[in-house]
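Sequence and coordinates come before the text.

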Amino acid sequence: MHVAFTPIEAASAPVGVVVDVLRATSTIAQALASGFERVLCCREIEEARELRRSIPDSLVGGERQAVRIEGFDVGASPREFLEARAKTLILSTTNGTSAILEAAASCETVLLGSLLNLDALARALRGRGEDVAIVCAGFQGAFALDDAYCAGRIVQELGADRSDAAIAAELVAASFPDALSGLNARTYGPPGLEEDIRYCAQESFLDVVPCFAGLEGPAAVIEPLTARV
């Protein structure tokens, strides 16, 4: 196992696991668990708007600096996706959706990880038996403590051979008494996310593993892993 603490550090691997625990990968897992058939992840706001115009039965959501994008149907809180309001969610976020696209360019298989789907993700990775690179979305290209904490929890669950970076992530996770403390230790981002942080700190709450299924135009298509087997 290896952990890249920012997307630019990501190395190619048979399996990449993208982590943006606050909030993109948590939100995508929640949306798929609630019945959305797929999530289209875009880097750019205008790409998301264009897809919304061309795809029937879709919803467009996203944020910049944790603020809902003007004109979008919803923001990027997992609590906004407790039920499926369309077949397709189109999503663009500050860090996570770009990290997904970058990982898809260098890894054969890309899964999305969060605390919400920790057990389901660990089972899927053990079943594959392949080398894993965890890619933290970080914050604006820099290290983010919350993603490092989540990556360390994944490393703890798998117990595989680890790179120095994976050992470091595991030490980060071990330094906090619980997930909420680990996520609240972050020093970046605006206030007002307290309820989302509490929600995203729930462990193994969802039995879904989001998986990169290809590209639709500029967007990464994310579907439940079971749909890809």
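Arg23 sits in the loop between β2 and α1 (24-34). Helices (H or I, at least four residues) and strands (E, at least two) are DSSP runs, numbered from the N terminus. The peptide bond from Leu22 to Arg23 is cis, and its omega is near 15°. This is a predicted model: local features need pLDDT of at least 70, side-chain atom pairs count only at pLDDT 80 or more, and totals for chains, interfaces and linings use all residues. Residues are numbered from 1 along each chain as its sequence is written, and side-chain values use heavy atoms, with hydrogens and water left out.

Gln65 has a positive phi of about 55°, although it is not a glycine. Its loop runs between β4 (58-64) and β5 (67-68). Gln65 is partly exposed, at a relative accessible area of 37%. The scale is as follows: buried means under 20% relative accessible area, exposed over 50%, partly exposed in between (1.4 Å probe, protein chains only). Gln140, also not a glycine, has a positive phi near 50°. Gln140 belongs to the loop between β8 and α5. With 51% relative accessibility, Gln140 counts as exposed.

## Nonpolar cores

A nonpolar core is a set of buried Ala, Val, Leu, Ile, Met, Phe, Trp, Tyr and Cys residues joined through side-chain atoms within 4.5 Å. The largest one has 40 residues. Val3, Val17, Leu125, Ile134, Ile154 and Leu183 have the most contacts inside it. Two or more residues each come from β2 (13-19), α4 (118-128), β8 (132-136), α5 (145-158), α6 (164-174), α7 (179-184) and α8 (194-200). The largest share, 7 residues, is from α5.

Contact means heavy atoms within 4.5 Å. Another core, of 32 residues, lies apart from the largest one. Val18, Val74, Leu89 and Ala220 are among its members.

Ala165, Ala166, Ala169, Val172 and Ala173 are buried in α6. Seen down the helix axis, the buried residues fall within an arc of 115°, so they line one face of α6. The arc is that of the directions from the helix axis to the C-beta atoms. The cover over these buried residues includes β1 (2-4) and α5. The face turned away from the buried side carries the exposed residues Asp164, Leu171 and Ala174.

Val172 is buried, with a relative accessible area of 17%. Not counting residues up to four places away in sequence, Val172 touches Leu145, Ala148 and Tyr149. The C-alpha atoms of Val172 and Val74 are separated by 33 Å. Along the chain, these two are 98 residues apart.

## α5 against α6

How do these helices pack, and at what angle? α5 and α6 pack at about 105°, with their axes 7 Å apart. Axes are lines fitted to C-alpha atoms, for helices over the stretch in contact, and angles run from 0 to 180 degrees between N-to-C directions. That makes α5 roughly perpendicular to α6 (65 to 115 degrees).

From α5, residues including Leu145, Ala148, Tyr149 and Arg153 meet α6 residues including Ala169, Glu170 and Val172. By class, the contact has 10 nonpolar, 2 polar and 2 charged residues. Ala, Val, Leu, Ile, Met, Phe, Trp, Tyr, Cys and Pro count as nonpolar, Asp, Glu, Lys and Arg as charged, and the others, Gly among them, as polar.

Methods: Parallel < 35°, antiparallel > 145°, perpendicular 65-115°, else oblique.
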